[in-house]
Amino acid sequence: MARWTDRRPVVTLVVAALTLAAGGCTGGSGPGPDRSAPNPQGSASTGFAPGAPGIGDAYFPRYGNGGYDVAGYRLKVRYDPASDQLTGVATVTATATQPLSRFNLDLAGLTVSRVTVDGAGATHTREGDELVVTPARGLPTGTSFTTEVSYAGVPVPVSSADLGTGGWLATDDGAIALGQPESASTWFPVNDHPADKATYDIEVTVPKGLAALSNGVPGERSTADGWTTWRWSERAPMASYLVTLVIGDYRVQTGTHGGKPLVTAIAASLPADGPAARSIARTGEIADFLATRFGPYPFESYGGVVVDDDRIRYALETQSRPVYGAAFFARGGPNYGVVTHELAHQWYGDSVSISRWSDIWLNEGFASYAEWLWEEHDGGRSVQANFDAQYADTDWSKPTLDPGRAGLFTRAVYKRGALVLHALRRTVGDDTFFRLLRTWAAEKRNGNATTAEFVAVAERVAGRPLRPLLDAWLSGT
């Protein structure tokens, strides 16, 4: 993610993930619990128990939910900007990682009318922003199950004093669903934590003449009775905060790059040949350059969306199709730095997602360093010159690793994170350094990772101890 300041854009993103327990297995080889017996609450005798209302992230204990692992979401939504009414049906395919008597989905606001689990009616209640689902029968460990939720209402964003506002924002001609560390739960039921990545099929019906832009590969578009349905599919696992939906009057351009769809869109209120258009026009070129440093581009689609809304003063690396606030292009010239930052996140943050929020530098430090790489490649300041300037301006009392919840989007994470990588590069040499970046992206592709894992990979690739060096740069004063 990148956030705009009056002086310059400071790029920011967050991807956090705590890896879900693999299977939640218990010892022994006997048969699992009898699924035929209803078990709404769970008990010691049956072995079923409620899933935890939170994955367990130290920074955000109530984000996400325990007890299951989502494989995919199929979303069918209809939105009427005139009334701000959203109606939807979400189909969630998951596997129980413990014997479940009930489980939670995150859903902020909106009214749920019906829930089924494997086609059978399920009891549902609300506890704040949690939808609590009790299936007719318990779900043994390892069971694949499908939950369908029908819901409707006027979506509202979520906000916090230290992290700002994210999620669904109504606009004059549509809506923008965007934000981190949480946003998805404002428009569909979800396990809203990057630890539980999943695939997405998204079908959005809006009044004819409006665009409905989302992630992944575009599908068939159809129009009937004054409404148009847009379809999108993201087959690579995606963290929930990276899901976006942008509805409104946009100039949409669809082409191909490297044999893959490239979809860009700019709000119709912005100049067709202005700095925003000129910036995202280089999306394919910048992605190709980054591929020479990081390895093959990890997704099946490229793109970008520029929104014109004063409330969106940041850019976010929404998977395969970053969203940029117009403020990044307000100075009259292109801003290739922010495009580079969000595209670098496609490797580091989107494909390789962190396992906990305290490791956010693995996203932001890498994306910030990519800005320096592109600037040097494009004839601007050298990487070393950027390093020198940032080194002189660094507050070493603020750590890069485990910066605290309030420090997630600070210079210590972004700029000091980039310093860490250049110090590593100077230590091991260019060949080893870029081999390490490619190895990291390849080995952790479509998964989650920690700083400890990065250190281990770095030491293996370099063939030498690196923990003291990285500890000093990440956390030393």
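In the predicted model, helices α2 and α4 cross in the right-handed sense. Helix α2 comprises residues 283–294 and helix α4 residues 361–377, and their axes approach within 11 Å at a crossing angle of roughly 110°. The two helices are therefore roughly perpendicular to each other. On the α2 side, the contact is formed by Glu285, Ile286, Phe289, Leu290, Arg293 and Phe294, and on the α4 side by Ala370, Leu373, Trp374 and His377.

Helix α4 is also crossed by helix α3, which spans residues 336–347; here the axes come within 8 Å and the angle is roughly 135°. This angle makes α3 oblique to α4. The crossing of α3 and α4 is again right-handed. Helix α3 contributes Tyr336, Gly337, Thr340, His341, Ala344 and His345 to the contact, while α4 contributes Asn363, Glu364, Ala367, Ser368, Ala370, Glu371 and Trp374.

An open sheet of 5 strands is arranged in the order β12-β13-β14-β20-β16, with antiparallel pairing. Its edges are formed by β12 (158–160) and β16 (211–213); each has a single partner strand, so one side of each lacks a neighbour in the sheet. On average, neighbouring strands of this sheet are turned by 20° against each other, direction ignored.

Within this sheet, β20 lies between β14 and β16 in the strand order. Strand β14 (residues 175–178) pairs with β20 (residues 245–248) in the antiparallel sense over 3 bridges. Isoleucine 176 has valine 246 of β20 as its bridge partner, and alanine 177 stands opposite leucine 245 of β20. The pairing of β16 with β20 is likewise antiparallel and involves 3 bridges. In that pairing, alanine 211 is placed opposite glycine 248 of β20.

In a regular strand, side chains alternate between the two faces of the sheet. For β20, both faces are covered: Leu245 and Ile247 on one side are buried, as are Val246 and Gly248 on the other.

According to an unreviewed UniProt entry, the annotation "domain: Aminopeptidase N-like N-terminal" covers residues 73–242. In the model, this span is 59% strand and 0% helix, and its end C-alpha atoms lie 13 Å apart.

Threonine 146 is located in strand β11, which runs over residues 144–153. With a relative accessibility of 30%, threonine 146 counts as partly exposed. Leaving aside residues up to four places away in sequence, threonine 146 touches Thr91, Val92 and Thr93, together with Thr116, Val117 and Asp118. Threonine 146 and valine 338 are separated by 192 residues in sequence, and their C-alpha atoms are 39 Å apart in space.

Notes. Residues are numbered from 1 along each chain as its sequence is written. This is a predicted model: local features need pLDDT of at least 70, side-chain atom pairs count only at pLDDT 80 or more; totals for chains, interfaces and linings use all residues. Side-chain values use heavy atoms; hydrogens and water are left out. Helices (H or I, at least four residues) and strands (E, at least two) are DSSP runs, numbered from the N terminus. Buried means under 20% relative accessible area, exposed over 50%, partly exposed in between (1.4 Å probe, protein chains only). Contact means heavy atoms within 4.5 Å. UniProt positions are given in the numbering used here, feature names are shortened, and annotations may be inferred rather than shown by experiment. Two strands pair if DSSP finds at least two bridges between them. Axes are lines fitted to C-alpha atoms, for helices over the stretch in contact, and angles run from 0 to 180 degrees between N-to-C directions. Angles under 35 degrees count as roughly parallel, over 145 as roughly antiparallel, 65 to 115 as roughly perpendicular and the rest as oblique. A crossing is left-handed if the near helix is turned anticlockwise from the far one by less than a right angle, and right-handed if clockwise.
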